Amino acid sequence: NWNSPNTGANNESGFTAYPGGNRFVDGDYYNFGDEAYLWSSTEIGTGEAWYRALNWSLASVFRWDGFSKANGATCRCVRD
């Protein structure tokens, strides 16, 4: 489901993520096919939280802070 060419993708980590993009508070959706945004359980106050992002053209995971909880991102449940 990722946009091409998705260079460097091999799923060797076994972590499968889908490029669902994100939704901003205005209700518009962005980056479908390009990026996966994943919420973190770590909050930054009551209105914001950390999240991770994967991009179709980069072989890295990015950590971002200050993403408003009013925005939409993917939830992924992880078992301890």
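**Close-up 1. F32, an exposed phenylalanine in a loop of the predicted model****.** F32 has a relative accessibility of 68%. Exposed means over 50%, so F32 counts as exposed. The residue sits in the loop between β2 (29–30) and β3. T74 is 42 residues away from F32 along the chain. The C-alpha atoms of F32 and T74 are separated by 12 Å.

**Close-up 2. The open sheet of three strands, in the order β3-β4-β5****.** Pairing in this sheet is antiparallel. Its edge strands are β3 (35–44) and β5 (61–68). Each of these edge strands pairs on one side only. On average, neighbouring strands are turned by 30° against each other, direction ignored.

**Close-up 3. The hairpin of β3 and β4****.** Strands β3 and β4 run antiparallel and are joined by seven bridges. Three residues lie between the strands of the hairpin. In this hairpin, G45 takes a positive phi near 80°.

**Close-up 4. The pairing of β4 with β5****.** Six bridges connect β4 and β5. The sense of the pairing is antiparallel. Two arginines face each other in the bridge pattern: R52 has R63 in β5 as its bridge partner.

**Close-up 5. Y37 and Y51, a tilted aromatic pair****.** The structure holds six aromatic pairs. In the pair of Y37 and Y51, the ring centres are 5.4 Å apart and the planes meet at 35°. Planes under 30 degrees apart would count as stacked and those over 60 as edge-to-face, so this pair is tilted. The pair links distant parts of the chain. Y37 belongs to strand β3 and Y51 to strand β4, 14 residues apart. Is Y37 buried or exposed? Y37 is buried, and Y51 is buried too.

Close-up 6. F67, at 7% relative accessibility, does count as buried.

**Close-up 7. The aromatic cluster of Y37, W39, Y51 and F67****.** Ring pairs link these four residues into a cluster.

**Close-up 8. The largest pocket****.** This pocket has a volume of about 530 Å³. How many residues line the pocket? The lining has 21 residues. The closest to the pocket centre are A9, N10, N11, F15 and L54. Strand β4 (residues 48–55) gives the largest share of the lining, three residues. By class, 10 lining residues are nonpolar, nine are polar and two are charged.

Notes. Residues numbered from 1 in each chain as written. Predicted model: local features only at pLDDT ≥ 70, side-chain atom pairs only at ≥ 80, totals over all residues. Heavy atoms only, no water. 1 Å grid on protein atoms, 1.4 Å probe; cavity = no way out; pocket = protein on both sides within 12 Å on 5 of 7 lines; lining within 4 Å. Points joined across faces, edges and corners; volume = space filled by probe spheres on them. Helix = DSSP H or I, 4+ residues; strand = E, 2+ residues; numbered from the N terminus. Nonpolar A, V, L, I, M, F, W, Y, C, P; charged D, E, K, R; others polar. Pairing = 2+ DSSP bridges. Axes fitted to C-alpha atoms, helices over the stretch in contact; angles between N-to-C directions. Phe/Tyr/Trp six-rings, centres within 6.5 Å; stacked < 30°, edge-to-face > 60°. Buried < 20%, exposed > 50% of the residue type's maximum accessible area, 1.4 Å probe, protein only.
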